[in-house]
Amino acid sequence: MTDDLVTSLRPLLTAEASAEAYASGAEPGDLEQAVWLRLLERLEADGPPPDPHRWLRSAVRTEARRTRRRARHERPYGTEPAGVAAYAYAYEPERIALTAARHRALREAVRRLPGRCPRLMEALLSPRDLTYREIAGELGISQGSLGPERSRCLGCLRRLLTPEVAAG
């Protein structure tokens, strides 16, 4: 019974939803889906309508009116609420993957640096946020030579990364 009803109503619903969608600002598919839901609710509660075609036309118009009312009352934000866009952007899968790839490339380049540069750069990149005094103590060098050493290491790192950045 239900399959026959759905089969017989499908062309009419498609036509009615297409006709009402433009005026209501809805997609025809959204109207169709809402009406199918109403029909299922109706079938479960009261059984099939006595005049299914008439009921369907009325249901489509009712859903179209509901959509228009909702559209009148809903107003989009002029801008994203504070922090939402930045937060959402930071956790997009593509952005996470690209950030991880950049971090891997940086760590690999740091490991290829000469002398004590790898240890110095690892200390500077450490999540422990070490002070210059702590880094100098770890590396066994004077705190005063840390700045020039860091500059030399960053220059080497820049030269190592330039071909990779250009190729990317």
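Contact here means heavy atoms within 4.5 Å, and on that basis Leu-146 touches Leu-120, Tyr-132, Ile-135, Ala-136, Leu-139 and Ile-141, not counting residues up to four places away in sequence. This is a predicted model, in which local features need pLDDT of at least 70 and side-chain atom pairs count only at pLDDT 80 or more, whereas totals for chains, interfaces and linings use all residues. Residues are numbered from 1 along each chain as its sequence is written, and side-chain values use heavy atoms, with hydrogens and water left out.

**Nonpolar cores**
- A nonpolar core is a set of buried Ala, Val, Leu, Ile, Met, Phe, Trp, Tyr and Cys residues joined through side-chain atoms within 4.5 Å, where buried means under 20% relative accessible area, exposed over 50% and partly exposed in between (1.4 Å probe, protein chains only).
- The largest such core has 16 residues, and those touching the most other members are Leu-113, Leu-120, Met-121, Ile-135, Leu-139, Leu-146 and Leu-157.
- At least two residues of this core come from each of helices H5 (93-111), H6 (117-125), H7 (132-139) and H8 (143-167), helices being DSSP runs (H or I, at least four residues) numbered from the N terminus.
- Another core, of 12 residues, lies apart from it and includes Trp-36, Leu-39, Leu-56 and Val-60.

**Cysteines**
- With a disulfide taken as a pair of cysteine sulfur atoms within 2.5 Å, the count comes to one, formed by Cys-117 and Cys-153 with their sulfur atoms 2.1 Å apart.
- Because Cys-117 lies in helix H6 and Cys-153 in helix H8, the pair ties together parts that are 36 residues apart in sequence.
- Both Cys-117 and Cys-153 are buried, whereas Cys-156 is in no disulfide, the nearest cysteine sulfur being that of Cys-117, 5.3 Å away.

**Gly-144**
- Gly-144 is found in helix H8 and counts as exposed at 64% relative accessibility.
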